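Welcome! Please take a moment with the sequence and the 3D view, and then let us walk through a few places together.

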Amino acid sequence: MVKIGALAFLVVALSAVTLLLGRYTVTIPDFFRIVAGADIPGASFIVMENRIPRVLIGIMIGGAFGVAGAVFQTMLRNPLASPDIIGISYGASASAVFAIAFLGASGLVLSGFAMAGALAVALAIYFLSRRGAVAGYRLILVGIGFSAVLQSVVSFLLTRTDIRVASDALTWLNGSLNSSNWDRVTILFLALAVLTPAVVVLSRSLRGLELGDDTAAGLGVNVERSRLALIVTGVLLAAVATAAAGPVAFIAFLSGPIARRFLGGYRPLVTAALVGAVLVLAGDFLGANLLPGVSLPVGVITGVLGAPFLLWLLATSNRSGQGG
């Protein structure tokens, strides 16, 4: 509980840093005056229309990606089984880029395409890897194959469209909080308000599946039904987060292992959600302020952090005999 409290405090601290600091500094008294309704030229717009929506979306997508990754990794008992590794996030990206490039979609329609693409890819992976029962490594290998194909599809779509449209689609390759607004905050909040109780209800089945299919069945868990429900719920969490900010690289992949390796196995979904929020907020602040005059998308920063972690995880898994 102390560790969860420390993570929650870190989320609050990073939120405060993002709200107050940056290229335009807002004092604490001015911040509370703005929130209370005061109109301070320049500062009011920056705080109310940019920074607060940005922080709220950062926290929510970080938590959604973190929980989605932890659900897949726990259910399949493999740290590589996260939505961004097995192609689900690329399903959302490919569908969104298609909708932007050829249908001119935006707003809710675009978010709907992203969610439908992620869900379609996830179900395709599930049924193609299903032979008697879903094996973790088989699902991961099928998912990695889908990821490679979908990356090629996205690249092809970008070459077939106008350069201005392609620039709008770049968010769906890297992930960014630059387009955060109150409409997206509202939609994302409502989606998570529906999905979070579903995760809570399914968490008991998840604990059983973590022990293996036979043990879970012995505990009264309907293995295939529970697995499918968890896959759909995890996919929807990743999809709504991707629809709000694009496929922020490696958050789903990193959050669960960090929560487990450095914080223990206590309430892994809660800790993964908090770790995800910390990673997104820290990555976004670094991206916006690391280089003078340059604003890097949060997905670029998390990608730089995630790639060496992936190599380290593969190396340590092989040494411990878990990688084969």
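Arg-33 and Asp-30 join their side chains in a salt bridge, with 3.0 Å from N to O; the term stands for a side-chain nitrogen of Lys or Arg within 4 Å of a carboxyl oxygen of Asp or Glu. This is a predicted model, where local features need pLDDT of at least 70 and side-chain atom pairs pLDDT 80 or more, while totals for chains, interfaces and linings use all residues. Residues are numbered from 1 along each chain as its sequence is written, and side-chain values use heavy atoms, leaving out hydrogens and water.

Both Arg-33 and Asp-30 sit in helix H2 (residues 28-35), 3 residues apart, or about one turn of the helix. Helices here are DSSP runs (H or I, at least four residues), numbered from the N terminus. In an α-helix there are 3.6 residues a turn, so residues three or four places apart point the same way.

How many salt bridges does the structure hold? There are 2. The other pair is Asp-284 with Arg-54, whose closest N and O atoms are 2.7 Å apart. Asp-284 belongs to helix H13 and Arg-54 to helix H3, so this pair ties together parts that are 230 residues apart in sequence.

| Residue | Relative accessible area | Class |
|---|---|---|
| Arg-33 | 45% | partly exposed |
| Asp-30 | 24% | partly exposed |
| Asp-284 | 3% | buried |
| Arg-54 | 10% | buried |

Now for helix H9 (residues 182-210), which has a kink of about 45° centred on Ser-203. The bend is the angle between axes fitted to the seven residues ending at a residue and the seven starting there. Ser-203 is among the buried residues of H9, which also include Val-185, Leu-188 and Leu-209. What do the buried residues of H9 pack against? Their partners are helices H3 (43-76), H10 (213-218), H11 (223-245) and H13, where contact means heavy atoms within 4.5 Å. After H9 comes Gly-212, with a positive phi near 110°.

Two further buried spots are worth a look. Ser-82, in the loop between H3 and helix H4 (88-103), has a relative accessible area of 0%. Leaving aside residues up to four places away in sequence, Ser-82 touches Gly-69, Phe-72, Gln-73, Ala-252 and Phe-253. Gly-256, in helix H12 (residues 251-263), is buried at 5% relative accessibility. With that same exclusion of residues up to four places away, Gly-256 touches Gln-73 and Ala-272.

Technical notes. Helix = DSSP H or I, 4+ residues; strand = E, 2+ residues; numbered from the N terminus. Buried < 20%, exposed > 50% of the residue type's maximum accessible area, 1.4 Å probe, protein only.
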